[in-house]
Amino acid sequence: MRHSPPPKRKPKKITMKPMAADASAIAATVDVRTPEAAWGSLVIPPDLRKLASLLRRSIAAVSSWSTRMQHHLSHMAQSSIAAVRGWNPRRWRDNSQSTTQEGHPRIAVDLSPKRETSKTMRRSPLFLYFVGTTLVMVLVVTAFAAFLFVQSVERQSVHQREDQSATEAAYIAHIFYYTVWLPVHLEFPDLSFGETVHPQMMDVFARRSTYGLNVAKLNAWNLDGTLAWSSDPTQADSRVVGDWYDPVVHNGTPLSELVRDQQIRDLDGEERQLDVVRTYYPFRDAAQDTPETGEIVGVLEITQDVTSALAQARSGTIQLAIWGSVGAGAVVFALLFFIILKVDRSSVRRYESLSRQKADLQESQDHKVQSAKLAGIGQLVAGVAHELNNPLTSIWGLAQIINERDARDLDPTLKQELSMIHQEAERSVGIVQNLLSFARARGAEMAYTSINAAIEAALELRRYHLMVNNIDLRCSLQPDLPRTMADPHKIQQVVLNLIVNAEQAMLEASDSGRLVVKSEKVGDAIHIVISDNGPGIPEENMDRIFDPFFTSKGVGSGTGLGLSICYSTLREHGGTIRAERNREKGAAFIVELPILKA
Amino acid sequence: MDSPQTALIVDDEKPIRYILTQCVKKMGYGCVEAGSGQAALEQLARQKFQLVLLDVKMPGITGFDVMKRIRASYPDTCVVMLSALSNPDVAGRAITSLGADAFISKPLRLDELRTTIRRAVHQRTTARPHC
């Protein structure tokens, strides 16, 4: 019913602000407590009043509930950040980055995997230590072995020489018998040994008969121990010196001994310092081919010069020792070196594989943690969204009903205000649906897909917007791009999301821009690159852009879920998504998808 | 049909019942509201309904249980299920296993609701009873 309207008060103007904070303000302006006062003399139809009161109550309920939820959500997010980072939540809250310019709490959950840079593997000092020690040990051991070798060889050669001398002495005695003894005794059979060794004959004997045997001196001893003859006229001792007497005379065995550095007056009369082998040979009066049969009548002391022979032998031995020890040492050292090298290499390899395993484990754990966090947040968001859904349905439904009413029933201002409510309700519904799609645990429906087709589908959806907003689109899709197993709808969503983000970034900065969309096959993967020439991503945000609820826009323009949905989708497909700064300006997003056969 | 069309509106929230009632009334049905599964069954026992708008998530006897009983006892009734759970599995389950005629998810668009109701009623009245 209509009456002529008296001068009426204009209801307050509503300035539209984000729903949560000011829904109560909206409710307050729809003042139905005194209907006549508010609407002038218009009579309000009773069901409209009922409607409006229902509307007011719904809005108030939603507003208080959603404010509570917002605080609850922010608090939970902050304490989970604190748990992840080990930070003091209070300290984080004091951080100026924690609120947007309007003072709304910014919920940022940092889930980027933190990875330690693996320490570069240095050459193990233990390796060098082992090599050095081995070298020293090998040197010491081979030197000692060489020394022992030389000693032993020398001793052997001494014995050899002595034996040889004994044999040579027998030969000399043999010569003596036939050239000195026999001729004399055939004529004078009763001559004693001492009398037989006539100086002249002995001199001749000594010089001629012993040629080649290096005889330096010759002594002939009587059995009573007196010296019968000596090639050295200055021989001082005329009595037996030394304890050779008993074994030689009583046992009848010759005795040879090597003595070094003896002062000898040799057969030529020269005084020399020699190494000699002195042999004491029991001379028997018998044919030398049957020596055991004869009686010992005297002792021949034969001194042979072995200096040079010994020196030669020794130098020979030393050379052999040196080369032998160097050779053996080198071989042993080389062997040990390779063993150490192998052990070291294998331990390095084991270390590397362990640290690689650790890095892989860390990475997969980080991803698991991230997925779990995303899932947890997803559940939280799903809960929130579902709770919100019902009241929103009421608001939206009521707003629709009001909208559909006959226009004549309503004051035009009221109708305008109600239509704004309807708009905001629609917007809220959109946000809730976005949240729900984020939270939905629908698996990817994989099919053998053409990625280019998905990209083109996304471009088609956005082509008009791009044109209208003066954005130059450069599209270069590799024509023979192979197909792969993927969910085409989800890939399309990812590409669409990235295009919309690029669009928004470019339009914020200026009134035009250039968008490059590229697809190519790189190795075993398909790369999709979406790059713009907008303001780019600030350095401090690069780590966080894929985190849920992270947005660099103010509260109310976007939930900050787009890129984190892209990240989840790519993970589901076994691929990756990353952001880079362009060289000149702007940002580029690179999506990598593995090429999987159907 | 000449006989009066009545619809049963089942939802545990008053504002939603109000909206549905307004909408369905405009389509020419007389409306009866029920605030729970139990109340719905009581109403169903009292009179015959051509249309039932049934919310899935309700405390006590859920929408699915009511659905089962409707199908068991009142095979001619057209049932449209509503739910805030927009999980497509739930929709599929409702429609195929229990014999609901249509499914619409909250938040509702009124025009969508009207179209769905009309289509569902048409299907039920023209189609043969479905085993």
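# Reading burial, charge pairs and folds

Student: Does Arg161(A) count as buried or exposed, and at what relative accessibility?

Tutor: Arg161(A) counts as buried, at 12% relative accessibility. The cut-off for buried is under 20%. Keep in mind that this is a predicted model.

Student: With which residue does the side chain of Arg161(A) meet in a salt bridge?

Tutor: Look for a Lys or Arg nitrogen within 4 Å of a carboxyl oxygen of Asp or Glu. Here the partner is Glu168(A), at 4.0 Å from N to O. Glu168(A) is also on the buried side of the cut-off, with 13% relative accessibility.

Student: How many salt bridges does the structure hold?

Tutor: Over all chains, the count is 20. One of them joins the side chains of Glu154(A) and Arg260(A), at 3.9 Å from N to O.

Student: Which parts does the pair Glu154(A) and Arg260(A) tie together?

Tutor: Ask where each partner sits along the sequence. Glu154(A) is in helix H5 of chain A, residues 125-187. Arg260(A) is in strand E3 of chain A, residues 255-265. The pair therefore ties together parts 106 residues apart in sequence.

Student: Which residues are linked with Glu154(A) and Arg260(A) in a network of salt bridges?

Tutor: Arg314(A) belongs to that network, along with Glu154(A) and Arg260(A).

Student: Where do the side chains of Glu301(A) and Arg278(A) meet, and at what N to O distance?

Tutor: They meet in a salt bridge of 3.5 Å. This pair links distant parts of the chain, 23 residues apart. Glu301(A) lies in strand E5 of chain A (residues 295-305), and Arg278(A) lies in strand E4 of chain A (residues 271-285). Both partners are buried.

Student: Which residues is His422(A) in contact with, leaving aside neighbours within four places in sequence?

Tutor: Skipping the sequence neighbours brings out the contacts from elsewhere. For His422(A) they are Trp396(A), Ala399(A), Gln400(A) and Asn403(A).

Student: Where is the place of Asp65(B) in chain B?

Tutor: Asp65(B) belongs to helix H3 of chain B, residues 63-73. At 29% relative accessibility, Asp65(B) is partly exposed.

Student: How many Å apart in space are Asp65(B) and Leu98(B), C-alpha to C-alpha?

Tutor: Compare the gap in sequence with the gap in space. In sequence, these two are 33 residues apart. In space, their C-alpha atoms are 9.5 Å apart.

Student: What pattern does chain B follow along the sequence?

Tutor: Read the helices and strands in order. The pattern is β-α-β-α-β-α-β-α-β-α. In total, chain B has five helices and five strands. Chain A has 13 helices and 12 strands.

Student: What share of the residues in chain B and in chain A is buried?

Tutor: In chain B, 52% of the 131 residues count as buried. In chain A, buried residues are 40% of 598.

Student: What share of the contacts joins residues at least 24 apart in chain B, and what share in chain A?

Tutor: Start from contacts with a separation of 6 or more. For chain B, 59% of them join residues at least 24 apart. For chain A, 69% of them do.

Technical notes:
Residues numbered from 1 in each chain as written. Chains lettered and ligands numbered in written order. Predicted model: local features only at pLDDT ≥ 70, side-chain atom pairs only at ≥ 80, totals over all residues. Heavy atoms only, no water. Helix = DSSP H or I, 4+ residues; strand = E, 2+ residues; numbered from the N terminus. Buried < 20%, exposed > 50% of the residue type's maximum accessible area, 1.4 Å probe, protein only. Contact = heavy atoms within 4.5 Å.
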